[in-house]
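Hello,

Please find the structure below. My notes on it follow.

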Amino acid sequence: MTIALPVRTPKVGVVSLGCPKATVDSERILTQLRSEGYELTSSYEGADTVIVNTCGFIDSAVQESLDAIGEALRENGKVIVTGCLGARDEEVLKHYPQVLSVSGPQAYETVLNAVHDVVAPPEHNPFVDLVPPQGIKLTPRHYAYLKISEGCNHTCSFCIIPSMRGKLVSRPVEEVLDEAKRLVEAGVQELLVISQDTSAYGVDVKHKLAFWNGQPVKTSMTGLVKALGDMGAWVRLHYVYPYPNVEEVIPLMVEGKVLPYLDMPLQHADPRVLKAMRRPGNIDRQLERIQQWREQVPDLTLRSTFIVGFPGETEEEFQRLLDFLAAAQLDRVGCFQYSPVEGAAANEIAEQVPDEVKQDRYDRFMQTQQAISAQKMQAKIGRVYEVLVDEVDEEGAIARSQADAPDIDGMVFIPDGHELSPGDRLKVRIFAADEYDLWGEQVDLDAK
C-alpha cells in the first residue's frame, strides 16, 4: 500500500507600501494568488518568495521602498518588486540587480507570472473555495478602500504619478457597485472611495449611462455616490478635486447618502505658486464655496494637503498660504515639504528653497493649523456623534467619528467601551478633547 505524503502549499509573502491605491493593488494580487491555491504570509520565514509593492511619489517614499526591498532580500532572498517605484526599473536594479522581477503599478499579470516562475501553483481543488466573495483585504474587515479608477489627466508640475499610472481610466460603474455590495454583505461598515482624481470619475467615458440592480446609473462621482449611499455603510470620499460637480455631492451629504467629509488636495493658496504647480488658482472663489458648503452642511469636515517650500516660493507667498488657513478654518490638514522627485517638472522651474527655510515654514504652518484644530475639537465637547469602532484594548475602545478617516485623521477614545467590538457603530457623547483626538462615553439611547 502506498501512502500519499501531504503536498506542501507554496507560500507568498507581501510587503505593501504607499497610499491606499497601492493597498488595493496588493489586495487584487493577493486575491488572485489565493484563488490559485497559494498560502499568504506576513513573514519572510518560510515564504517561497516575497512581493514588495513600492511607492515612488517623493524621495522619502523611494528610500523607504528601497529599504524594504533590501530587507526582504536579506531575510528571504527571492524578491519580486512592483508598484510605483517599479515603474523606474533602472532605479531598483541599480541598487538591487538580484531581484527576480520589476514591474510598475497595476502590472498584475507580470507579478503573477513572476510568482509562477519561482513556485508553481498547487493543483487546483474544485471542492475548496479559497477566496471569500469580497476578495482578500489588507484592511480590517469593517472598512475597505474602493478604487474607482486608475491614472490621472492632470500634469501637476510636482507630481510624477501620471507618468507611472497613466491617464485616467474609470472602472465600469456596475463593476464598482458589485464590489461594494460584496464588501457590505461581508460586514464592511465603511467604504472609502479612492482614485487619483475622484471628481473626474467617468470623464474618460463621457459619463455614460449604465444599469445596476435594474436601475440606470450615470458613470460619474454623483451617480456612483447615490447608489453607494443606499447600501447602509458609511461612504467617505477621498481625493476630490474642487471641480464644479462637487456642488452635486453636497445635497447627498444632507440626505445622509455620503459622509459630510471632503478630502480635497488644494496644495497652496498663492495664485503664482498654484500656476507654477499647474493647479486651479482662484482661492477667493474657493473660500466662497467652502462657506456655502458649510451653510448647507454645518458638520462638514474638510481635509486638505499643502506643499511648503515649492521652488521659488517667497515669504510673501507663504504668508498668503497662512492667511488662507486662517480664513478657511479647515478641519484636517496635512503638510509636506517640497521634495525634488526625479522627473518632476517643478525641479527646473525656479531655484530650490533651502532646507532650513522649508523646515521653518513647515513648523509655522503646523503651528497655525494646530491652533485651528484645537479650537475646533474643543467645540465638540458635550456633543453626540456616531462613531465606528476600530479596535478594543485594556483601556477601552478606539473609534473614529464621521470626521475621521483611518490612519490620517484623529481618533475617539471610549474608556467604557471594553464590551464593544471592531465594526460596531454607536453614539457617544464627547467629554474631552486635545488638538486632534476626542474622548467620549456611550450614550444610552433607550434612557429617558
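**Aromatic contacts and a buried cysteine**

Phe-306, Phe-324 and Phe-365 come together in one aromatic cluster. Bear in mind that this is a predicted model.

In total, the structure holds six aromatic pairs. One of them joins Phe-306 and Phe-365: the ring centres are 5.7 Å apart. The planes of these two rings meet at 50 degrees, so the pair is tilted: stacked would need under 30 degrees, edge-to-face over 60. Phe-306 belongs to strand 14 (residues 301-308), while Phe-365 belongs to helix 12 (residues 355-378). The pair therefore ties together parts that are 59 residues apart in sequence. Are these two residues, Phe-306 and Phe-365, buried or exposed? Both are buried.

Next, charges over rings. Two cases are worth a look in your viewer.

- Lys-380 places its charged end over the ring of Tyr-385, 5.7 Å from the ring centre.
- Arg-400 places its charged end over the ring of Tyr-143, and here the distance to the ring centre is 5.2 Å.

Last, the cysteine. Where is Cys-152 found? It sits in the loop between strand 7 (149-150) and helix 5 (161-165). The relative accessibility of Cys-152 is 6%, and the cut-off for buried is under 20%, so Cys-152 counts as buried. Now take Cys-152 together with Lys-167: they are 15 residues apart in sequence. In space, their C-alpha atoms are 4.8 Å apart.

Best regards

Key
Residues are numbered from 1 along each chain as its sequence is written. This is a predicted model: local features need pLDDT of at least 70, side-chain atom pairs count only at pLDDT 80 or more; totals for chains, interfaces and linings use all residues. Side-chain values use heavy atoms; hydrogens and water are left out. Helices (H or I, at least four residues) and strands (E, at least two) are DSSP runs, numbered from the N terminus. Buried means under 20% relative accessible area, exposed over 50%, partly exposed in between (1.4 Å probe, protein chains only). Rings of Phe, Tyr and Trp (its six-membered ring) pair if their centres lie within 6.5 Å; planes under 30 degrees apart count as stacked, over 60 as edge-to-face and the rest as tilted. A charge sits over a ring if NZ of Lys or CZ of Arg is within 6 Å of the ring centre and within 35 degrees of the ring normal.
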